[in-house]
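Reader: I am new to reading protein models. Could you take me through this one, a question at a time?

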Amino acid sequence: MNVTVFGTGYVGLVQAAVLAEASNRVVCIDIDTDKIAGLKRGEIPIFEPGLGPMVKNGIATGNLAFSTDAAYGIEHGELIFIAVGTPPDEDGSADLRHVLTVARTIAAHMRCKKYIINKSTVPVGTADKVRAAIGEQLAERGESGLPFDVISNPEFLKEGSAVADCMRPDRIVIGTSEADSEQKLRHLYAPFNRNHEKILVMDVKSAELTKYAANCMLATKISFMNEIANIADTVGADIEAVRKGIGSDPRVGYQFIYAGIGYGGSCFPKDVKALISSARQQGLSADILTAVESRNERQKHYLADKILAHFNGELNGRVFALWGLSFKPNTDDMREAPSRVLMDRLWAQGATVRAFDPEAMGECLRIYGARDNLVLCDSKNDALQGADALIIATEWQQFKALNTDELKAALKAPVIFDGRNQYEPDEMHEAGFEYYCVGRPDITTAQ
């Protein structure tokens, strides 16, 4: 099928590459000329496992092309995906300017029926706004009779496993009331729907709400476990034992119940804010989601508070090794990352950070630039040199195995602040470390 995708971010680029892999003829449109030029050369602007080879293969087979020419893209695609950003506005609501700009652009150039698919994460009612924007533009052209449909087809991709999630989706949600549109998308997604029926067809507004509800449910589980971890800290319980105890209940399950220092990224923070805003616009108070957001923001300060307590509030001139900058492993994304809150707190107290991340070093440099109190190191071992303590902010696989002798030799003192509970407190105690973690017994010299 001929497909056009507006937007080459995580969602648009992954969706385009996967559809091209399934032998569709896909054109990606973006207004960023440098990004498009790089993509034509096979340069991937984001780190996502498996995406680079897939894009290069799509280019080589001729199934995947990139352009800044919107008119060309609209002429090419019978199915047109809108996968542009919806950043949060000042009140937390989703900013739909880019979505509606694409909608009006489609209407300005379409000459036959188009199936317009909202892939961006958008609040309930966006399809109606897209439909209205297209209708108004067509009326201005004197082409009100041109047929089109607006379909909601939310994505459920996880950064770090987006390609696999797209190739082997858990479910494919299609929001439409037109049988013709349903059949078009069933045909498009047929290669990904062979093992068992994954397609869920519903009305457009339900599809739009499904995306927000899914992300907000997962964010709620994370914040709930972090709240329980804080209680465990106070009463002397071990959150890992609690996690296993509740996870063994099939009504709860083991997913998304690890305690830590808060969620980040491009989805959970933005989507929780957006759904709270949508509720308020309808005169409703989203009490649970407001608490989820508040708990998460406080959780990002968890390690900084422990560090300040350990050093009696005296951080000026101290140096900290920081392992992990991205908000989660297998991505270079630092949007809303807990590491950013942590570094800001340390810098405010006069400390220096020696940081290492397997993929996010370039992104960190882009965000902060060169500064005296931030040293970007070539390796995790390099980050340790001369540091007063080690801090772990992201659970990258390569951080899970420790050479305790090398670690103690590099650090000024054997002190670790672990925001992801990577190690066993008893083992760290036996190795001679003061070990602070989340919701588990801290091992300190005071004990």
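**Cavities, pockets and rings**

Author: Start inside. Helix α9 (residues 204–235) contributes the most to the lining of the largest cavity, giving three residues. Bear in mind that this is a predicted model.

Reader: How many cavities of 30 Å³ or more does the structure hold, and how much space lies in the largest cavity?

Author: Cavities of 30 Å³ or more number two. The lining of the largest cavity includes Asn118, Ser152, Pro154 and Lys211. The space in this largest cavity is about 40 Å³.

Reader: Which elements give two or more residues to the lining of the second largest pocket?

Author: This pocket has a volume of about 1100 Å³. Its lining takes in 42 residues, and Gly9, Ala83, Val84, Gly85 and Thr86 lie nearest its centre. The elements giving two or more residues are α1 (10–21), α5 (97–109) and α11 (268–281).

Reader: Now the rings. How many aromatic pairs are there, and why is the pair of Tyr263 and Phe268 called stacked, tilted or edge-to-face?

Author: The count of aromatic pairs comes to 10. In the pair of Tyr263 and Phe268, the ring centres are 5.8 Å apart and the planes stand at 80 degrees. Planes over 60 degrees apart count as edge-to-face. So Tyr263 and Phe268 are edge-to-face.

Reader: Is Tyr263 buried or exposed, and what about Phe268, buried or exposed?

Author: Buried means under 20% relative accessible area. Tyr263 has 6%, so Tyr263 is buried. Phe268 has 13%, so Phe268 too is buried.

Reader: What kind of pair do Tyr423 and Tyr435 form?

Author: Their centres lie 6.2 Å apart, with 55 degrees between the planes.

Reader: Where in the chain do Tyr423 and Tyr435 lie?

Author: Tyr423 is buried at 6% relative accessible area, and Tyr435 is buried at 0%. The two are 12 residues apart, so the pair links distant parts of the chain. Tyr423 lies in the loop between β13 (415–418) and α18 (425–430), and Tyr435 in strand β14 (residues 434–436).

Reader: Which residues form one aromatic cluster?

Author: The cluster has four names to find in the structure. They are Phe311, Phe320, Phe417 and Tyr436.

Reader: Which charged ends sit over the rings of Phe156 and Trp323?

Author: Over the ring of Phe156, a charged end sits 3.8 Å from the centre, and it belongs to Arg171. Over the ring of Trp323, the distance from the centre is 5.5 Å, and the residue is Lys380.

Reader: How many disulfides does the structure hold?

Author: A disulfide is a covalent bond between the sulfur atoms of two cysteines. The sulfur nearest to that of Cys28 belongs to Cys166, 12 Å away. For Cys377, the closest cysteine sulfur is in Cys364, at 11 Å, which is too far for a bond. The number of disulfides is zero.

Reader: Are Cys28 and Cys377 buried or exposed?

Author: Cys28 has a relative accessible area of 0%. Cys377 has 3%. The cut-off for buried is under 20%, so Cys28 and Cys377 are buried.

Reader: Which residues does Gln137 touch, not counting those up to four places away in sequence?

Author: Gln137 belongs to helix α6 (residues 126–141). Gln137 is buried, at 18% relative accessible area. Leaving out residues up to four places away in sequence, Gln137 touches Arg104, Ala107 and Ala108.

Definitions and conventions: Residues numbered from 1 in each chain as written. Predicted model: local features only at pLDDT ≥ 70, side-chain atom pairs only at ≥ 80, totals over all residues. Heavy atoms only, no water. Phe/Tyr/Trp six-rings, centres within 6.5 Å; stacked < 30°, edge-to-face > 60°. Buried < 20%, exposed > 50% of the residue type's maximum accessible area, 1.4 Å probe, protein only. Helix = DSSP H or I, 4+ residues; strand = E, 2+ residues; numbered from the N terminus. Lys NZ or Arg CZ within 6 Å of the ring centre and 35° of its normal. Disulfide = S-S within 2.5 Å. Contact = heavy atoms within 4.5 Å. 1 Å grid on protein atoms, 1.4 Å probe; cavity = no way out; pocket = protein on both sides within 12 Å on 5 of 7 lines; lining within 4 Å. Points joined across faces, edges and corners; volume = space filled by probe spheres on them.
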